[in-house]
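Dear colleague,

Please find the structure we discussed below, followed by a short account of what was found in it. I would be grateful if you could read the two side by side.

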Amino acid sequence: SVAINTMSGSTQTDIDDAEITADTITLNANDNSTNVGVAGAVSINMTKNEGAGVGLGVSVNTFSRGTEISVTSGSLLTATGLTLLSTSNVGLYGFGIAGGAGKTGFGGAVAVNTVSGGAVAEVLGGEITADTVTISAIETNEIWSLGGALSLGRKTAVGGAVTVNTITAETAARLNDATVLGRTNLGAVTVTGSSTSTIGTIAIAGAAATESTGVGVGVAVNVI
């Protein structure tokens with residue numbers, strides 16, 4: 001069996017060449033997404049002396065989303081406080097499980113999980129008149145992955161499990177080419193970017209043959 005899941009898109013909040021005067025100005029962009037992919041297969045060949053049992057489970061999960069806040073160079077913002085908060089929280093769970101039994105048994109499981117995107121908050125010029133300015137981009141990514149395969153064969157048994165997990169996401173908070181003035185008394189100007197990524201993975205394979213050869217191989221590759 002094969003399970004393929006794809007999530008894409010973005011959450012955006014923008015002020016584009018606008019003039020705003022208010023007590024406080026707050027821009028939020030928030031994305032909370034979860035993706036679960038499960039693929040499983042079992043094959044049993046009941047013929048005693050011929051044929052093969054082949055089980056294959058493949059789970060491919062791709063997440064490409066992000067959050068973005070931007071204030072463009074033509075904007076004039078006046079407030080006691082200006083806050084930009086861009087947050088992205090991603091949970092991706094991929095499981096590939098397979099089993100095969102027969103004269104020749106083969107079980108193969110593959111789980112491939114990819115996360116990209118990120119959180120961005122930026123002021124790209126313009127004039128800000130405020131006593132406090134806070135620009136924050138916060139990103140949290142989690143991948144939990146399992147590849148499991150079991151094969152049983154009278155003559156030959158081969159089991160293989162592979163998990164590949166990749167996180168390539170950008171977190172950025174920027175204050176570029178902008179004029180910042182105090183409305184009454186300029187206090188704190190804070191620009192913060194924070195990223196936390198976690199990958200938990202298990203690749204396990206087993207093989208048993210009563211008369212000849214049994215081979216089990218498990219491979220896990222993680223990239224952040």
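In this predicted model, E139 touches S88, G118, A119, A169, E170, T171, S194, S195 and T196, leaving out residues up to four places away in sequence. E139 belongs to strand 8. With a relative accessible area of 1%, which is under 20%, E139 counts as buried. Between the C-alpha atoms of E139 and G100 the distance is 41 Å, and the two residues are 39 apart in sequence.

S145 also lies in strand 8, which covers residues 132-176. Its relative accessible area is 5%, so S145 is buried as well. The side chain of S145 forms a polar contact of 3.1 Å with the side chain of N113. N113 is also among the residues that S145 touches beyond four places in sequence, together with G94, A111, T163, N165, G200, T201 and I202.

As to the nonpolar cores, the largest has 18 residues, of which I25, L27, V71, L82 and L84 touch the most other members. Strand 3 (24-44), strand 4 (52-71), strand 6 (81-124) and strand 8 each give two or more residues to this core. The greatest contribution, five residues, is that of strand 6. Apart from neighbours within four places in sequence, L82 is in contact with I25, L27, L77, I128, A130, T132, V133 and T134. There is also a second, separate core of seven residues, including F63, V90, I167 and I199.

Yours sincerely

Methods. Residues are numbered from 1 along each chain as its sequence is written. This is a predicted model: local features need pLDDT of at least 70, side-chain atom pairs count only at pLDDT 80 or more; totals for chains, interfaces and linings use all residues. Side-chain values use heavy atoms; hydrogens and water are left out. Helices (H or I, at least four residues) and strands (E, at least two) are DSSP runs, numbered from the N terminus. Buried means under 20% relative accessible area, exposed over 50%, partly exposed in between (1.4 Å probe, protein chains only). A polar contact is a pair of N or O atoms within 3.5 Å; within protein, one must be able to donate a hydrogen and the other to accept it, and residues adjacent in sequence count only if both atoms are side-chain atoms. Contact means heavy atoms within 4.5 Å. A nonpolar core is a set of buried Ala, Val, Leu, Ile, Met, Phe, Trp, Tyr and Cys residues joined through side-chain atoms within 4.5 Å.
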